[in-house]
Amino acid sequence: MDYKEVLARRHSTRRFSSRPVDNNLLLQIVREASSAPAWADSQEYKAYIATGDMARFLRSRYADAPKNSAGLSDYSFTNREDWTEREMSAMKEFERKVGDYMGEDYDDFFAAQGRLFDAPAICFLTLPKDASKWAKSDLGAFEMLLLLSAANQGLDTIVAQAFVKYPEIVRKHMKIPEAEDLIIGIGLGYGVREDKLNSFHAPKKPLGKLLTIKETGAPVKGEQW
């Protein structure tokens, strides 16, 4: 698949079909993602993938969790009242755009999280609790390559904190050591094409607010750096 096609294909899928993902395909995706750069070549991240009955079991356990529970994710989730003005403004704008798009089906958009998006395969990414700060950057590179590899293989994906909202459920049944933090989860599978949930594309920040390129203004010889 052409690189631009891969980038265009990768977006958040919020309702998957029940079509299973072949394990050999998952192996290939993780193998390709493992080519990501890592500080000191440490590669401290790990991937655990639930499929079949295990994925169905985890989805059912999450669905049965208290609806008013904030969850106890290993990485603390900041309550909205403690968000910065910048974070609150961004979330309000996102919710407004979701509301404009979904209309009367607005609640369905966020209810999909409680079902873990019906994902037939769920990849949990972890780091050691004592991992270096650089390891977070390494995990991000691995995660992005995994998403692009999946898109190149015709798979749909979504990255969401919802997958790691109840880490003790995941840790117990996926046999993840206590010494590892669950950082993020990725749903993989085949999206329901005609579903409205899968047609929403969140707008991205304009380059002018994201990028700075500086070509001139460097100190000349003899000036203080």
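# Exercises on a predicted chain

The chain exposes about 13900 Å², with carbon and sulfur atoms supplying 53% of that area. Accessible areas come from the Shrake-Rupley method with a 1.4 Å probe, and for residues only the protein chains shown count as cover.

This is a predicted model, where local features need pLDDT of at least 70, side-chain atom pairs count only at pLDDT 80 or more, and totals for chains, interfaces and linings use all residues. Residues are numbered from 1 along each chain as its sequence is written, and side-chain values use heavy atoms, with hydrogens and water left out.

## Exercise 1: the whole chain

Task: Describe the make-up of the chain, its box, its burial and its charges.

Solution. 

- Step 1. Take the elements. The chain has eight helices and four strands. Helices (H or I, at least four residues) and strands (E, at least two) are DSSP runs, numbered from the N terminus.
- Step 2. Read their order. Along the sequence the pattern is α-α-β-α-α-α-β-α-β-α-β-α.
- Step 3. Size the box. Along the principal axes, the C-alpha atoms fill roughly 70 × 45 × 40 Å.
- Step 4. Check burial. Of the 225 residues, 36% are buried. Buried means under 20% relative accessible area, exposed over 50%, and partly exposed in between (1.4 Å probe, protein chains only).
- Step 5. Check the contacts (heavy atoms within 4.5 Å). Among those with a separation of 6 or more, 84% join residues 24 or more positions apart.
- Step 6. The chain has 32 positive and 33 negative charges, and their mean positions are 1 Å apart. Lys and Arg count as positive and Asp and Glu as negative, while His and the chain ends are not counted. Each charge is placed at NZ of Lys, CZ of Arg, CG of Asp or CD of Glu.

## Exercise 2: threonine 126 and glutamate 180

Task: Which side chain makes a polar contact with the side chain of threonine 126? Follow that partner onward.

Solution. 

- Step 1. Locate the residue. Threonine 126 sits in strand E2 (residues 121–128).
- Step 2. Judge its cover. Threonine 126 has a relative accessible area of 1%, so it is buried.
- Step 3. Find the partner. The side chain of glutamate 180 makes the polar contact, at 2.7 Å. Such a contact is a pair of N or O atoms within 3.5 Å; within protein, one must be able to donate a hydrogen and the other to accept it, and residues adjacent in sequence count only if both atoms are side-chain atoms.
- Step 4. Widen the view. Beyond four places in sequence, threonine 126 also has contacts that include Lys46, Tyr48, Leu139 and Ile183.
- Step 5. Follow glutamate 180. Glutamate 180 forms a salt bridge with lysine 46, with the closest N and O atoms 3.5 Å apart. This pair links distant parts of the chain: lysine 46 is in strand E1 (residues 46–51) and glutamate 180 in strand E4 (residues 180–189), 134 residues apart. A salt bridge is a side-chain nitrogen of Lys or Arg within 4 Å of a carboxyl oxygen of Asp or Glu.
- Step 6. Compare the ends. Glutamate 180 is buried at 7%, whereas lysine 46 is partly exposed at 44%.

## Exercise 3: positive phi

Task: Where are glutamine 43 and phenylalanine 117 found?

Solution. 

- Step 1. Glutamine 43 is in the loop between helix H2 (23–33) and E1. Its phi is positive, about 45 degrees, although glutamine 43 is not a glycine. Glutamine 43 is partly exposed at 36%.
- Step 2. Phenylalanine 117 is in the loop between helix H5 (106–114) and E2. Its phi is also positive, about 60 degrees. Phenylalanine 117 is buried at 3%.
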